[in-house]
Amino acid sequence: MTRLISFFLISIFLTSTQLHAQKRDTNTLIVRSSYTVDSLKISDLYLQGIREMSENGNNTNAASIFNEILNINPNHAPSLYYLAYLSRNADYAYEMIEKAIAADPKNEDYKYLRAVALRRSGNVQATIEAYKEILKSGNKRLDLHLMLTEVYDQSQMPYAAINALDSAYTLFGPQPEIVAYQQNLYQRLNMGDKAVKAGLQLLEVDPENIQSLVSLAESYNILGKDSIVQMYYAKAKSIDSTALELQISVNEYLRNNGSVQQYLISLGELFANKNLSLDKKIDYFNSVIRR
């Protein structure tokens, strides 16, 4: 009798457990099924949004699709990213990209777009901090260093810009983009010796580059070394005497040196240059008159 009762209780327990397991599996299946349907729908919509941008060039439709995805999953980071990317409203772009970063904190592309959004909004200090944050993570992109330099430069912080370029130089070596920017900053700060040093580095890379020859001549002009200035101008002229950047630079050099006759000849050559548009000729002529 005892055995019979035990067997009966065990049967009830096993049946109850099996029914509970079946109910649990059914609930899990429903959740998984719902999750799979949503995931597939999001994937399909996301591909549609990408196609609208890349193939059809319809950013309005693309934004609408990405917003539809957010109705399903408000934390879908790629959709948040593209809404920020497509928006012309700097504040909205910043709001969307902050949400994207919150959803995917390790994505460097999102952090880069945040810096761009901040720069568009005119928040200089926040932009600087955003670029610094990316660079601290060990990012090896030269363009990020140059962008940080531009922010400093455009915000009237030339020495901070030089420091940023020095850091880039240490990481990437004498890349032409770095050295040319260094030279430009040195020239504007009348740091002739450093400008010449940078110019000579550029010329080693491409000895017949007109812009490098002109910039080096201008750098020596800061030091007042007229014979060397004229030597580099002459070398540039022997390569292409009609180069617009060369004619403008020579013209300014002669005007500042008081070489009136040579200046007038140079001015005539400049206005005869077909590469200088009529509008720019008028603008340049007006600037000459105002001096």
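A: Gladly, and let us begin with the chain as a whole: of the contacts in the protein chain with a separation of 6 or more, 44% are between residues 24 or more positions apart, where a contact means heavy atoms within 4.5 Å. Please keep in mind that this is a predicted model, in which local features need pLDDT of at least 70 and side-chain atom pairs count only at pLDDT 80 or more, while totals for chains, interfaces and linings use all residues. Residues are numbered from 1 along each chain as its sequence is written, and side-chain values use heavy atoms, with hydrogens and water left out.

Q: OK, and how many helices and strands does the protein chain have?
A: The chain comes to 15 helices and zero strands, where helices (H or I, at least four residues) and strands (E, at least two) are DSSP runs, numbered from the N terminus.

Q: What share of the residues count as buried?
A: Of the 291 residues in the protein chain, 36% count as buried, and that word means under 20% relative accessible area, with exposed being over 50% and partly exposed in between (1.4 Å probe, protein chains only).

Q: Let's look at some packing, then: at what angle do helix 7 and helix 8 pack?
A: Helix 7, residues 142–154, and helix 8, residues 158–172, pack at an angle of about 170°, and their axes are 8 Å apart. Axes are lines fitted to C-alpha atoms, for helices over the stretch in contact, and angles run from 0 to 180 degrees between N-to-C directions. The two helices are therefore roughly antiparallel to each other, since angles under 35 degrees count as roughly parallel, over 145 as roughly antiparallel, 65 to 115 as roughly perpendicular and the rest as oblique.

Q: And which residues make the contact?
A: From helix 7 they are L142, H145, L146, T149, Y152 and D153, and from helix 8 they are A160, A161, A164, L165, A168, L171 and F172. Sorted by class, this contact has ten nonpolar, two polar and one charged residues, where Ala, Val, Leu, Ile, Met, Phe, Trp, Tyr, Cys and Pro count as nonpolar, Asp, Glu, Lys and Arg as charged, and the others, Gly among them, as polar.

Q: Is T149 buried or exposed?
A: T149, which has its place in helix 7, is buried, with a relative accessible area of 0%. Leaving aside residues up to four places away in sequence, T149 touches A161, A164, L165 and Y181.

Q: New topic: how many aromatic pairs are there?
A: The structure holds nine aromatic pairs; rings of Phe, Tyr and Trp (its six-membered ring) pair if their centres lie within 6.5 Å, and planes under 30 degrees apart count as stacked, over 60 as edge-to-face and the rest as tilted. One of them is the stacked pair of Y81 and Y85, with 6.4 Å centre to centre and 15° between the planes. Both residues lie in helix 3, residues 77–86, four residues apart, which is about one turn of the helix. Y85 also forms an edge-to-face pair with Y82, at 6.3 Å centre to centre and 90° between the planes.

Q: Which residues form the aromatic cluster?
A: Y46, F66, Y81, Y82, Y85 and Y110 form one aromatic cluster, and Y81 counts as buried at 17% relative accessibility.

Q: Last one: what does D226 touch?
A: Not counting residues up to four places away in sequence, D226 touches N221, Y253 and N257. D226 is in helix 12, residues 226–239, and is partly exposed, with a relative accessible area of 34%.
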